[in-house]
Amino acid sequence: MRDDDRLLNVDELAWYLAVPPKTLYAWRARGDGPPGFRVGRHLRYRWTDVQAWIQQRIEAGNSTTRAV
């Protein structure tokens, strides 16, 4: 399996993003976090979706300018 095909569970993604797992659930409830999906009772995230979500957040942050 290639690394970009990898599925992450909540604890793995929380560790990677350095946020508590509860934050991921809160983001999911609000529709703010990376896209995830259920495999039975388990929530999973595709690595490529996480990377795309991070890139979108970086680009959104870079596109806003503040007046000084």
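Leu7 has 40% relative accessibility and therefore counts as partly exposed; on this scale, buried means under 20% relative accessible area, exposed over 50%, and partly exposed in between, with a 1.4 Å probe and protein chains only. The model before you is predicted, so local features need pLDDT of at least 70 and side-chain atom pairs count only at pLDDT 80 or more, while totals for chains, interfaces and linings use all residues. Residues are numbered from 1 along each chain as its sequence is written, and side-chain values use heavy atoms, with hydrogens and water left out.

Leu7 is found in strand β1. Helices (H or I, at least four residues) and strands (E, at least two) are DSSP runs, numbered from the N terminus. Together with Phe37 and Val39, Leu7 forms a nonpolar patch on the surface, and the three have about 230 Å² of accessible area together. Such patches take residues with over 30% relative accessible area and no salt bridge, nonpolar side chains (Val, Leu, Ile, Met, Phe, Trp, Tyr) being joined within 5 Å and like charges within 9 Å. A salt bridge is a side-chain nitrogen of Lys or Arg within 4 Å of a carboxyl oxygen of Asp or Glu.

Let me turn to the sheet. In what order do the strands of the open sheet stand? The order is β1-β3-β2, with antiparallel pairing; two strands pair if DSSP finds at least two bridges between them. Because β1 (7-9) and β2 (37-39) are at the edges with a single partner strand each, one side of each has no neighbour in the sheet. From one strand to the next, the twist averages 50 degrees. Between β1 and β3 (residues 42-46) there are 3 bridges, and Leu8 has Tyr45 in β3 as its bridge partner.

Next, the helices. Helix α1 (residues 10-17) lies across β1 and β3, at about 90 degrees to β1. Helix α2 (residues 21-30) lies across β2 and β3, at about 80 degrees to β3. Axes are lines fitted to C-alpha atoms, for helices over the stretch in contact (heavy atoms within 4.5 Å), and angles run from 0 to 180 degrees between N-to-C directions.

Ala18 sits in the loop between α1 and α2. Its phi is near 60 degrees, a positive value in a residue other than glycine. Ala18 counts as exposed because its relative accessibility is 67%.

Finally, the whole chain. The protein chain has 3 helices and 3 strands, running β-α-α-β-β-α from the N terminus. Of its 68 residues, 22% count as buried.

Terms used:
Accessible areas come from the Shrake-Rupley method with a 1.4 Å probe; for residues, only the protein chains shown count as cover.
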